[in-house]
Amino acid sequence: MSPELDLFVIGAGSGGVRAARFAASYGARVAVAEARYLGGTCVNVGCVPKKLLVYGSHYREEFEQARGYGWTVENARFDWAQLIASKNREIARLNEAYRRLLTEAGVQILEGHARILDAHSVELGGQRYRAKKLLIATGGWPQRPEIPGAELGITSNEAFFLPALPQRVLVVGGGYIAVEFAGIFRGCGAEVRLLHRGDLFLRGFDLGIREQLRSELQRQGITLDFGHTPQRIERRADGSLAVTLSDGRVLDTDCVLFATGRRPMLDDLGLEQLPLARDERGYLKVNAHFETSQPGVYALGDVIGRVALTPVALAEGMAVAKHLFRPEEFQPVDYQRIPTAVFSQPNIGTVGLSEEAARDAGHRVTIFESRFRPMKLTMTESQERSYLKLVVDADSDRVLGCHMLGPEAGEVIQGLAVALNAGATKRQFDQTLGIHPTVAEEFVTMRTASRR
Ligand SMILES: Cc1cc2nc3c(=O)[nH]c(=O)nc-3n(C[C@H](O)[C@H](O)[C@H](O)COP(=O)(O)OP(=O)(O)OC[C@H]3O[C@@H](n4cnc5c(N)ncnc54)[C@H](O)[C@@H]3O)c2cc1C
């Protein structure tokens, strides 16, 4: 029997959709299966709704700052349910946009949970589909710690649909999702405590940025509780939660949000029929063409656990489509200097090496940094500071890393990522004229090294 499809994609998230669309545009017969929501994590319970909630929560500070500019903002009130309803409408619009995009590209959309039967067939809704190649793009899933009462907490998946804003929130975790949700809940008016087992959040980011964010979150009234873990959660008679910590303290809260890592989503995928090699963390192992240990079966995105970011999944999707159907155009994915943002308040934007990573890699570095109150805040009572940093290789003069904590840091760093990819030197940064008056101009005006 000849296979009916050229490619069967499991998961219509960032990577799956990109691979399916481009494969179809190259003339392949493609189907994509989706168990939950078109667009995957990013569109439904990740990047997009997260950023909408960050925008929503930041108005609180903006209303306060507006006073410095002569505005009287009276009776400003916030309605969480309305914010969630607006967000849901926007996401529904995006789901439809994804449906259109796939349909117009000629991709067959199959709604339901797909289960692999063998290297060329998949079962969905009682029907068997055959394809020459399979692509597993099933993403990741939030993990809760294994403690008694963990089911009483929520994860980011549920946080996006909370019917009401909890009065008190305990965010557990030290990654970017923890920091972002702490800011969202605080901005919306909740009392927030961030509990993290390490001594500072955002491990892997530049230390200067992490320390500056610590001050900013404290300034906003977020309680930082480092060096402890939750041991047990119990529900009290009044509906609140009692969280026992590793140091014996018992905290009262209304909501526990676990942002304690993610795992590959391989549940009920049929891997008992088709065992695939996995790494020590459980992620699918793939080669340079994203082929798993089973010839003809490919995997990409969060399920392979390389870099869990949407643009990375998109690049991998593109690479798979080209490898399979336009091999002459195939280019390996470049995992160097991936720019990234954290939508904490203020935002973080970063590309290249942190000072610590540069030193560890043996570079002799020169550090330029600047910490200041952005002009927009000078007429307000806000004490927020921006922090910009350049890590420069002292021998070659190449800029190894650009780091920023400040307004729209992601927007600023995106452009600098192009410069770093082009191999820009500090001298070229210095030769570039600034745009005045902006926060970003500081990147081209820092002349005095703060240390070597
Ligand atoms: C809270 C949060 C915030 C984030 N913020 C950002 C950000 O700001 N910037 C950024 O770049 N990245 C962000 N990310 C990461 C980003 O969302 C992921 O890296 C990206 O979505 C990965 O894409 P993917 O294609 O691998 O998987 P996903 O987008 O997770 O898609 C996988 C899809 O497969 C489906 N699926 C799973 N199993 C099956 C099955 N058996 N049958 C059918 N369908 C199945 C799932 O329902 C899902 O829709 C965030 C993630 C989270 C959780």
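Figure 1. Glutamate 408 is partly exposed, with a relative accessible area of 40%. Like every view here, this one comes from a predicted model. To find the residue, look in the loop between β22 (399-405) and α10 (409-421). The backbone deserves a glance too: glutamate 408 is not a glycine, yet its phi is positive, at about 55°. Most residues other than glycine have a negative phi, and most peptide bonds are trans. You will meet glutamate 408 again in the next view, where it is among the residues nearest the centre of the second largest pocket.

**Figure 2. The second largest pocket and its lining.** This pocket holds about 580 Å³ of space. Its lining is made up of 27 residues, and those nearest the centre are His58, Lys376, Gly406, Pro407 and Glu408. Which helix gives the largest share of the lining? Helix α3 (residues 47-66) does, with seven residues. Sorted by class, the lining has 12 nonpolar, seven polar and eight charged residues.

Figure 3. The side chain of lysine 50 places an N or O atom 2.8 Å from an oxygen atom of the ligand.

Figure 4. Glutamine 220 sits in the loop between α7 (207-219) and β11 (223-226). Is this residue buried or exposed? With a relative accessible area of 13%, glutamine 220 is buried, because the cut-off for buried is under 20%. A polar atom of its side chain lies 2.6 Å from the backbone oxygen of glutamine 345. Follow the chain on from glutamine 345 and you reach proline 346 through a cis peptide bond, with omega near 0°. Proline 346 belongs to the loop between β18 (340-342) and β19 (348-352).

**Figure 5. The segment after α11.** Another cis peptide bond can be seen here, joining histidine 436 to proline 437 with omega at about -10°. Proline 437 is in the segment after α11, and alanine 449 also lies in the segment after α11 (426-431). Alanine 449 is partly exposed, at a relative accessible area of 24%.

**Figure 6. Asparagine 75 in its loop.** Asparagine 75 is found between α3 and α4 (80-105), in the loop that links them. Its relative accessibility of 66% makes asparagine 75 exposed. Although not a glycine, asparagine 75 has a positive phi of about 55°.

**Figure 7. Cysteines without a disulfide.** How many disulfides does the model contain? The count is zero. Cysteine 188 shows this well: the nearest cysteine sulfur belongs to cysteine 255 and is 12 Å away, whereas a disulfide needs the two sulfur atoms within 2.5 Å. Cysteine 188 is buried at 8% relative accessibility, and cysteine 402 is buried at 0%.

**Figure 8. Glycine 40 in helix α2.** Glycine 40 is part of helix α2 (residues 40-45) and is buried, with a relative accessible area of 8%. Glycine 16 is 24 residues away from glycine 40 in sequence, and their C-alpha atoms are 8.8 Å apart in space.

Notes:
Residues numbered from 1 in each chain as written. Predicted model: local features only at pLDDT ≥ 70, side-chain atom pairs only at ≥ 80, totals over all residues. Heavy atoms only, no water. Buried < 20%, exposed > 50% of the residue type's maximum accessible area, 1.4 Å probe, protein only. 1 Å grid on protein atoms, 1.4 Å probe; cavity = no way out; pocket = protein on both sides within 12 Å on 5 of 7 lines; lining within 4 Å. Points joined across faces, edges and corners; volume = space filled by probe spheres on them. Helix = DSSP H or I, 4+ residues; strand = E, 2+ residues; numbered from the N terminus. Nonpolar A, V, L, I, M, F, W, Y, C, P; charged D, E, K, R; others polar. Polar contact = N/O pair within 3.5 Å; in protein donor to acceptor, adjacent residues only side chain to side chain.
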